[in-house]
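Good morning, and thank you for coming. Please look at the sequence and the structure on the screen, and we shall go through a few details together.

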Amino acid sequence: MVAFTRQVKSQNDNFLVNIKHHHGQCEMNFHLCMGLIPDCRDGNAEWSFKLIGPEPADIHISRLDNAPYTTTLKITQHYAESRYTSLPLLVVRLYHDVEMAEVVAWDNHRHWHPVYSYPNRRMYHRDEKLALNRFFGEWLVHCRKLGLSPQGFVNPLP
């Protein structure tokens, strides 16, 4: 039998991860991503657009892999004003058969456990995997609200 929650004892309390929340977030990320770049399975292999706001940024998305049931994307964000900070890099896998999108790498970090005791050597959150996918979902909403594209592929939210 497969358990849907996992309990890990930390120094002060117990921590449970809810698989339903994680899958729900990944499903929402898939639909937000497909609204942002609907032609990711065919046609284009690269997309670029600008985020407007107090700190404008250039977003670049490139397709790394296109398998029958999955698409892997590399997402980078460049700030015009910032020469001294490292560029964030996300690698996201879209699972088209189950309509889910999951962050599989972030700045050379990958293969996260579902739960970490806290504190830990790398100082990951207890639910690092879910936290990264929540961040990705918030970032997608931000892009759809503030993104401008010369090709018009960014589909703004109402």
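Let me begin with Cys 33, which is buried at a relative accessible area of 2%; buried means under 20%, exposed over 50%, and partly exposed in between, with a 1.4 Å probe and protein chains only. Cys 33 takes part in no disulfide, and the nearest cysteine sulfur, that of Cys 40, lies 6.4 Å away. A disulfide is a pair of cysteine sulfur atoms within 2.5 Å, and by this rule the count is zero. Cys 40 is buried too, with a relative accessible area of 0%.

A word on the source: this is a predicted model, in which local features need pLDDT of at least 70 and side-chain atom pairs count only at pLDDT 80 or more, while totals for chains, interfaces and linings use all residues. Residues are numbered from 1 along each chain as its sequence is written, and side-chain values use heavy atoms, leaving out hydrogens and water.

Next comes helix α1, covering residues 19-36; helices are DSSP runs of H or I with at least four residues, numbered from the N terminus. Its buried residues include Cys 33, Phe 30 and Leu 36.

Finally, how many salt bridges does the structure hold? There is one, a salt bridge being a side-chain nitrogen of Lys or Arg within 4 Å of a carboxyl oxygen of Asp or Glu. It joins the side chains of Lys 50 and Asp 58 at 2.7 Å, N to O. Lys 50 is partly exposed at 48% relative accessible area, and Asp 58 is partly exposed at 31%.

Definitions and conventions. Helix = DSSP H or I, 4+ residues; strand = E, 2+ residues; numbered from the N terminus. Expected span 1.5 Å × (residues − 1).
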